[in-house]
Amino acid sequence: MGVERRGSVKQPECWPQLHQQEEGRYQAKPFEIDKWLFVEAYNRVKENAGAAGIDQQSLDDFDRDRKNNLYKLWNRMSSGSYIPPPVRAVSIPKKSGGTRTLGIPTVADRIAQMVVKLQFEPCVESHFLPDSYGYRPGKSAIDAIEVTRERCWRYAWVLEFDIRGLFDNIPHDLLLRAVDKHTDNPWVRLYIRRWLTAPMVMEDGRLSERIKGTPQGGVVSPVLANLFLHYTFDRWMCQHFPAIKWCRYADDGLLHCSTEKQARYLLRTLRERFAACGLELHPEKTKIVYCQDHRRQGDHAHTSFDFLGYTFCKRTVKGKAGDLFMGFCPGISKGALKSIIQRIKAWNIGRRTDLSLADIAGFINPYLRGWWNYYGHYYRSLLYRVARYVNQRLVRWATRKFKHLRGRKMKAIAAFNRLTSVRPNLFAHWSLGMSGAFA
């Protein structure tokens, strides 16, 4: 065996030099974005689920090559080469009639937007005011209902307003000024600008360019809408009308006034303010309401209003001493109640004889709990109609599934009455005492 020549062996590079090369390779990216942001963004997007975008890629499809897909997204965003694809337009019916157009981004784009949201939201959240409740961590619609209930007892008049097409009409120049004020992060600024101008593919295949607005359905859109209204309405109210109590949930808002004259003046001023900021108040959903109760017995064209699925109107209230009187209080609205009944009807429980009673309970209980937890917060008795409708569907299911109950409705009702005493927690509404009214 020959002697190895020293000059023929390449000496390994020292660790500091290798480290510097890796550092230089990382710093070659224009933007330094933490990879763990993409992991957290992916987890949140997956938790929220959602439909596929224009590429028809579902969350399951993305998950099959998750590691590679996330790396590609990080690489493109870090290099500044990520261009958001067009969003898919989907029309959904509104409870008040008509349709609303949602913009559905692709799965990868939702993750990218979530990355920006995770970075940008903490920059603005601390600046938002306490009476802004929509799309904010730690705040809920029930919180807005509660504070509105208390203020309606103190103030006789309410100015209810709704902004027509908020997400479709936000001026980009004003919004970007607000964005730049709250962050100097270059990649956050860059991608927010790109998302605002990303086109929308309509349902007929037509490509619609966007010169204003932010797609309703985008992950970052609620934060941007809140930021815009923070300067358009929230801070403006505090500066010009500091004595007026108000509450806003996204594009729905309430102002509490002492007199009708004050409410009318605020309405005129508010119209001018929103018009100056490129927005318009909805003519049918914006109105002045008189909070009629046992103390305020005057007449007015409007003595009730709907807010976040609740109707505020004159209702019977039980006082601390057990006495009854009329108060101005919230309860589930007729529109919300009708929507729930239609949803239950669409399940077609009475014909699902392929399912067992436990299967039906497992399917509908999450919905029932959600409705009772939200709409049952005030005047839970108004939900008896929902409980009765579900129970009637169950009776129809039993008379179709079991031969010995066919054509014997009263026998099926008796069987369910016995079952509710044996298994009172089988259905969510049974556990709340709403197990009767099967007839």
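Predicted model: local features only at pLDDT ≥ 70, side-chain atom pairs only at ≥ 80, totals over all residues.

Analyst: Leaving aside neighbours within four places in sequence, H230 is in contact with H127, F128, L129, R235 and R248. The residue sits in helix α10, which covers residues 221–240. H230 counts as buried because its relative accessible area is 2%, and the cut-off for buried is under 20%.

The structure holds 1 cavity of 30 Å³ or more. The largest cavity contains about 70 Å³ of space. It is lined by 13 residues, and the closest to its centre are V87, Q113, W195, P215 and G218.

Next, helix α6. It runs over residues 141–154 and has 14 residues. From first C-alpha to last, α6 reaches 20 Å, close to the 20 Å expected at 1.5 Å a residue. Several α6 residues are buried: A141, I142, A144, I145, V147, T148, R151 and C152.

W153 leads on to R295. The backbone oxygen of W153 lies 2.7 Å from a polar atom of the R295 side chain. R295 itself is in a loop, between β8 (287–290) and β9 (305–307). For a sense of reach, compare R295 with P122. These two are 173 residues apart along the chain. Their C-alpha atoms are separated by 45 Å.

Note on methods:
Residues numbered from 1 in each chain as written. Heavy atoms only, no water. Helix = DSSP H or I, 4+ residues; strand = E, 2+ residues; numbered from the N terminus. Expected span 1.5 Å × (residues − 1). Buried < 20%, exposed > 50% of the residue type's maximum accessible area, 1.4 Å probe, protein only. 1 Å grid on protein atoms, 1.4 Å probe; cavity = no way out; pocket = protein on both sides within 12 Å on 5 of 7 lines; lining within 4 Å. Points joined across faces, edges and corners; volume = space filled by probe spheres on them. Polar contact = N/O pair within 3.5 Å; in protein donor to acceptor, adjacent residues only side chain to side chain. Contact = heavy atoms within 4.5 Å.
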